[in-house]
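Dear colleague,

My notes on it follow directly after.

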Amino acid sequence: MDWKIHVLYVGDIICPKGVSTFGLDTDLQINGPYLAFLLVSKSKKILVDTGMNSRFIIDGKAWAGLPAKGGEKFLLESLKKNDTQPEEIETVIYTHLHNDHAGNCHLFPNALHVFHYDEWTELQNPLPSMRIRKDFDPDVIPYLKKFRCLRVTGDTEFTEGIHLYHTPGHTIGGLTVGVNTSDGVYVIPGDIINIYQNLFPKMSSMVDITGKRHKITPAPEEYGPLGVPSAILYDHYAWYRSIWKIRGLLKSPKHLLPCHESAICGKTFPGDSIDLDIPE
Ligand SMILES: [Zn+2]
């Protein structure tokens with residue numbers, strides 16, 4: 001079955017780029033999006049991630065005290081732009097359960113909610129470092145306990161044309177979603193890959209959410225060929241293994257849809273182009 005992917009803008013945050021690419025461009029402030037993904041086939045609508053709840057934005061600041069926008073109205077507006085009401089979503093898949101991905105699960109009481117089993121454990125038992133940084137939104141727990149949930153383990157074809165791959169590293173139970181389309185498989189990796197430079201270390205420019213292009217530092221040789229980790233990883237060994245796995249799934253760089261990447265915000269795939277500066 002072939003699917004269409006609509007990349008939904010669900011808010012944005014101004015954040016030092018060094019958070020996304022550890023040790024590179026630590027002083028460069030980039031305004032990047034929170035994203036969700038609407039997957040549409042002839043008969044089904046699936047949502048991947050739900051953005052952040054507005055409770056997490058106090059005085060215009062979100063995670064780590066950084067200036068941000070977001071909340072359920074952003075998600076509802078983006079769904080509406082794509083002719084979709086929340087009741088039409090039959091399944092919500094979570095790449096992981098961080099606050100900016102699971103925060104609006106309450107909008108889908110009748111959907112099936114799908115995430116990795118380990119992510120559920122982590123959400124309920126965060127480490128002190130995760131609590132301090134408020135990585136998880138504990139208010140989603142009662143909703144998810146009440147809703148129909150499927151906690152997957154391992155890799156699986158969840159429904160025709162939608163594959164789920166366990167890709168830990170950023171969190172314990174990270175999932176990467178592979179979506180069959182008429183142009184091959186598109187890969188939604190969650191925050192294991194925030195932006196394209198995480199997988200393409202030699203990039204020398206990137207766009208922010210306004211479309212402005214910024215010069216960025218290509219990763220020095222010591223980073224190695226596999227990728228540039230973000231500053232928010234709980235298991236570096238797992239991250240490199242997951243990156244290896246994701247590389248095996250990718251038909252081309254433009255089949256990758258990173259979860260905080262401005263270059264794909266608001267676009268539809270297959271169909272739209274991506275303005276990417278990746279050296280051969
Ligand atoms: Zn995350």
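In this predicted model, the buried residues of helix H4 pack against strand E6 (112–116) and helix H6 (140–146). Helix H4 itself spans residues 117–124, and its buried residues are Glu-119, Glu-122 and Leu-123. These residues lie on the same side of H4, because they cover an arc of only 100 degrees around the axis.

Four strands form an open antiparallel sheet in the order E8-E9-E10-E11. Strand E8 (156–159) and strand E11 (184–188) each have a single partner strand, so one side of each edge strand has no neighbour in the sheet. From one strand to the next, the twist averages 30 degrees. Strand E9 (residues 162–166) is joined to strand E10 (residues 175–181) by five bridges; in E10, Leu-175 is the bridge partner of His-166. Helix H7 (residues 236–249) packs on this sheet and touches E9, E10 and E11, and its direction makes about 155 degrees with that of E11.

Some backbone details may also be of interest to you. Most residues other than glycine have a negative phi, and most peptide bonds are trans. Asp-59, in the loop between strand E3 (45–48) and strand E4 (68–70), has a positive phi near 50 degrees. Asp-59 counts as exposed because it has 6 C-beta neighbours inside 10 Å. Asp-83 also has a positive phi, of about 55 degrees, and is found in the loop between helix H2 (72–81) and strand E5 (91–93). With 11 other C-beta atoms within 10 Å, Asp-83 is exposed. Finally, the peptide bond from Phe-269 to Pro-270 is cis, with omega near -5 degrees; Pro-270 lies in the segment after strand E14 (268–269).

Kind regards

Key:
Residues are numbered from 1 along each chain as its sequence is written. This is a predicted model: local features need pLDDT of at least 70, side-chain atom pairs count only at pLDDT 80 or more; totals for chains, interfaces and linings use all residues. Two strands pair if DSSP finds at least two bridges between them. Helices (H or I, at least four residues) and strands (E, at least two) are DSSP runs, numbered from the N terminus. Axes are lines fitted to C-alpha atoms, for helices over the stretch in contact, and angles run from 0 to 180 degrees between N-to-C directions. Two residues are in contact if their C-beta atoms, placed from the backbone, lie within 7 Å. A residue is buried if 20 or more other C-beta atoms lie within 10 Å of its own, exposed if 12 or fewer, and partly exposed in between; C-beta atoms are placed from the backbone. The arc is that of the directions from the helix axis to the C-beta atoms.
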